[in-house]
Amino acid sequence: MAIWISFGTLTLTLALLLASAVADDDVLVLTETNFEKEVGQDRGALVEFYAPWCGHCKKLAPEYEKLGSSFKKAKSVLIGKVDCDEHKSLCSKYGVSGYPTIQWFPKGSLEPKKYEGARTAEALAEFVNTEGGTNVKLAVIPSSVVVLTPETFDQIVLDETKDVLVEFYAPWCGHCKHLAPIYEKLASVYRLDEGVVIANLDADKYKDLAEKYGVSGYPTLKFFPKGNKAGEDYDGGRELDDFVKFINDKSGTSRDSKGQLTSEAGIVASLDALVKEFLSAANDERKQILSQMEEEVAKLTGSSARYGKVYLKAAKSILDKGADYAKNEIERLQRMLEKSISPVKADEFIIKKNILSTFTA
């Protein structure tokens, strides 16, 4: 079992690493190895030289990603970036002494022109269109954050079937502006989880409602779990990984910061114990253990009940088709996951694969 799971996980990890080496949110990741293969060739290039720890770079990041998304289909223009902590000599070669430094490389040239304009997606797009001879309009990226009002607050936040994280913010608040792109990514991570809502409320506009929940500073984050609609303060870190860990711990979800389901998704501890008995039992004893599994699944509720049905189907298929069923089905699902499929289907296949992995020996 351990060898196959490791191989499946390794395959998926390598695929993700390969994808991230080529592009990061539609911005090409440039390195000492690929820089001159991509820049100075048959298209103009806008390149951001940045450092991961730089506050101004973090502030620019969502604007630059929006720019990259907008220009990803423009064949005559490249939007790229270089991590100067990793590629110091490359940044030094192009005279980078502060972060972020943004430079335009004309088509066929490695002699850059420094960008001195505003660090907004709008200003950058205007500059690239002028220099590159394009006429690209900024992409409108739909938000996954649920916008609350006094009319919708109770219906959404006090819904006993949902775990709801609420940001109380003010439009003029600098800390709120810094949090906004992180919060948007968090909402995107959980957009397929029906039991989780990532929401916000303009507390400057709706002061009475904010005061009702004790909001005195911005941003204030409160979590309203299924079992406590009085709300509880969120006092954790404000990076994406901090929020994802919090939601996973509180809501029983299994997502990573890219929105992918982890290897824990779909696993039900009480059924895992019975799977171990099932695998070690002789064929004539397995039907009795299957009956115990059916009794256990009947006690489950919510998403666990759905996962329980997958356990039962796997056990019955192994009885009917033999011990290799789980391994063969996992391989089939992995092939499907490597194709272009919808996020909903990907979730379904990952959960099935995780559960089937408990049946491999």
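Student: Where in the chain does Pro219 lie?

Tutor: Pro219 lies in the loop between helix H8 (207-212) and strand E10 (220-224). Helices (H or I, at least four residues) and strands (E, at least two) are DSSP runs, numbered from the N terminus. This is a predicted model, in which local features need pLDDT of at least 70 and side-chain atom pairs count only at pLDDT 80 or more, while totals for chains, interfaces and linings use all residues. Residues are numbered from 1 along each chain as its sequence is written, and side-chain values use heavy atoms, with hydrogens and water left out.

Student: Is the peptide bond from Tyr218 to Pro219 cis or trans?

Tutor: Most peptide bonds are trans. The bond from Tyr218 to Pro219, however, is cis, with omega near -10°. The bond from Tyr99 to Pro100 is also cis, with omega near -10°; Pro100 lies in the loop between helix H4 (88-93) and strand E5 (101-105).

Student: How many aromatic pairs are there?

Tutor: Rings of Phe, Tyr and Trp (its six-membered ring) pair if their centres lie within 6.5 Å; planes under 30 degrees apart count as stacked, over 60 as edge-to-face and the rest as tilted. By this rule there are 20 aromatic pairs. One of them joins Phe35 and Tyr94, which are tilted, at 5.3 Å centre to centre and 35° between the planes. This pair links distant parts of the chain, for Phe35 is in helix H2 (residues 35-38) and Tyr94 is in the loop between H4 and E5, 59 residues apart.

Student: Is Phe35 buried or exposed?

Tutor: Buried means under 20% relative accessible area, exposed over 50%, and partly exposed in between (1.4 Å probe, protein chains only). Phe35 counts as buried because its relative accessibility is 1%, and Tyr94 is buried at 9%.

Student: Why is the pair of Tyr234 and Phe243 stacked?

Tutor: The ring centres of Tyr234 and Phe243 are 5.0 Å apart and their planes are at 25°, so the pair is stacked. Tyr234 is buried, at 6% relative accessible area, as is Phe243, at 0% relative accessibility. Ring pairs also link Tyr183, Phe223, Tyr234, Phe243 and Phe246 into a cluster.

Student: Which ring does the charged end of Arg286 sit over?

Tutor: A charge sits over a ring if NZ of Lys or CZ of Arg is within 6 Å of the ring centre and within 35 degrees of the ring normal. The charged end of Arg286 sits over the ring of Phe278, 4.8 Å from its centre.
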